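Reader: I have this one open on the screen. Walk me through it, starting with how you name the pieces.

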Amino acid sequence: MNNLKKELINGKGYAILPIDDLENFKILCNEFIKKISPYTKTKNFSDIRQEMTEMSKSQINELMVSLLSFNDASEVLINSCKNIVKSLSGDEIFLQRRANTIFNIPGQDQRRQWPHYELMSGVSPFTYILWAPFHDLDENDGVFYLDLNKSHEMIKSEQSTGIVNGPMILNKNYDEKPAKLKFGEVIVFCPFVLHGNINFNSNLARIACSVRFQSIHQPLLQKDTDYFKFHKI
Ligand SMILES: [Fe+2]
């Protein structure tokens, strides 16, 4: 088993790596700016992030809806990380049909993801997840990942009380150091790693893109049959 796979299955559960093809990833970022340009005054990325902090929740929703036309984002992200994907799942994969582009706005009372592990939403246990920010992450950007041991400990200790995916996982005040990623890096993780967003204070919104994939040679234990499509790297 290669080292990365070992790290994801038996080690920390996640790894931060340089994106294989940064030029390709920049295409994704530029395409994103183009898609949302009808809703923003500027095309400069930092300014867009600043503009977003002043948008209403319905404006943010509009932006998200506009990205539904971003049909090839999953291929572009996967093709930016070909070596990583191949070393984990080979060159024939089930690829999430639609990559997620995620905006997070600083401050209280903002949309944020509950702490979760991917399996909770019916994602196949053989899936890996790529998550890449469109900019450097600041010290207090509020994204956290628990290593695999800690994740298992929490999941098991809640289970021993007769509850699965209850308040211990969802409501715990996570005091984890945010993952520090630079633009050009990607975090890849397995579906048992607890992660999420905590409230964060910044002058800028956080924007990232994520996609899920698994080898076609592993059992596909996916809840939603329309979630993946076949993809050859
Ligand atoms: Fe997630």
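Author: Helices are DSSP runs of H or I with at least four residues, strands are DSSP runs of E with at least two, and both are numbered from the N terminus. Residue numbers start from 1 along each chain as its sequence is written. The model is predicted, so local features need pLDDT of at least 70 and side-chain atom pairs count only at pLDDT 80 or more, while totals for chains, interfaces and linings use all residues.

Reader: Fine. Where is Asn100?

Author: Asn100 belongs to strand β3, which covers residues 100-104.

Reader: Is Asn100 buried, exposed or partly exposed?

Author: Asn100 is partly exposed, because 17 other C-beta atoms lie within 10 Å. The cut-offs are 20 or more other C-beta atoms within 10 Å for buried, 12 or fewer for exposed, and partly exposed in between, with C-beta atoms placed from the backbone.

Reader: What does Asn100 touch?

Author: Cys209 and Ser210, if residues up to four places away in sequence are not counted. Contact means C-beta atoms within 7 Å. As for Ile36, the C-alpha atoms of Asn100 and Ile36 are separated by 15 Å, and the two residues are 64 apart along the chain.

Reader: Switching to helices. How do α2 and α5 pack?

Author: Helix α2 is residues 22-36 and helix α5 is residues 73-80; they pack at an angle of about 155 degrees, with axes 8 Å apart. That angle makes α2 roughly antiparallel to α5. Axes are fitted to C-alpha atoms over the stretch in contact, and angles run from 0 to 180 degrees between N-to-C directions. Under 35 degrees is roughly parallel, over 145 roughly antiparallel, 65 to 115 roughly perpendicular, and the rest oblique.

Reader: Which residues make the contact?

Author: From α2 they are Asn24, Phe25, Ile27 and Leu28, and from α5 they are Ala73, Val76, Leu77, Asn79 and Ser80.

Reader: How many of those are nonpolar, polar or charged?

Author: In the contact of α2 with α5, six are nonpolar, three are polar and none is charged.

Reader: And why do you call α5 largely enclosed?

Author: Six of the eight residues of α5 are buried, so the rest of the structure largely encloses this helix. The buried ones are Ala73, Ser74, Val76, Leu77, Ile78 and Ser80.

Reader: Now the core. How many residues are in the largest nonpolar core?

Author: The largest nonpolar core has 45 residues, and those with the most contacts inside it are Leu77, Leu130, Ala132, Val188, Phe189 and Val193. At least two residues each come from α2, α5, α6 (82-89), β2 (92-96), β4 (128-133), β5 (143-145), β6 (185-189) and β8 (206-215). Strand β4 gives the largest share, five residues. A nonpolar core here is a set of buried Ala, Val, Leu, Ile, Met, Phe, Trp, Tyr and Cys residues joined through C-beta atoms within 7 Å.

Reader: You listed α6. What about Ser89, buried or exposed?

Author: Ser89 is part of helix α6. It counts as buried, because 22 C-beta neighbours lie inside 10 Å. Leaving aside neighbours within four places in sequence, Ser89 is in contact with Tyr128, Phe213, Gln214 and Ser215. The C-alpha atoms of Ser89 and Ile36 are separated by 32 Å.

Reader: Last one. What is phi of Asn165?

Author: Phi of Asn165 is near 55 degrees, a positive value in a residue other than glycine. Asn165 lies in the loop between α7 (148-159) and α8 (167-170). It has 15 C-beta neighbours inside 10 Å, so it counts as partly exposed.

Definitions and conventions
Two residues are in contact if their C-beta atoms, placed from the backbone, lie within 7 Å. Ala, Val, Leu, Ile, Met, Phe, Trp, Tyr, Cys and Pro count as nonpolar, Asp, Glu, Lys and Arg as charged, and the others, Gly among them, as polar.
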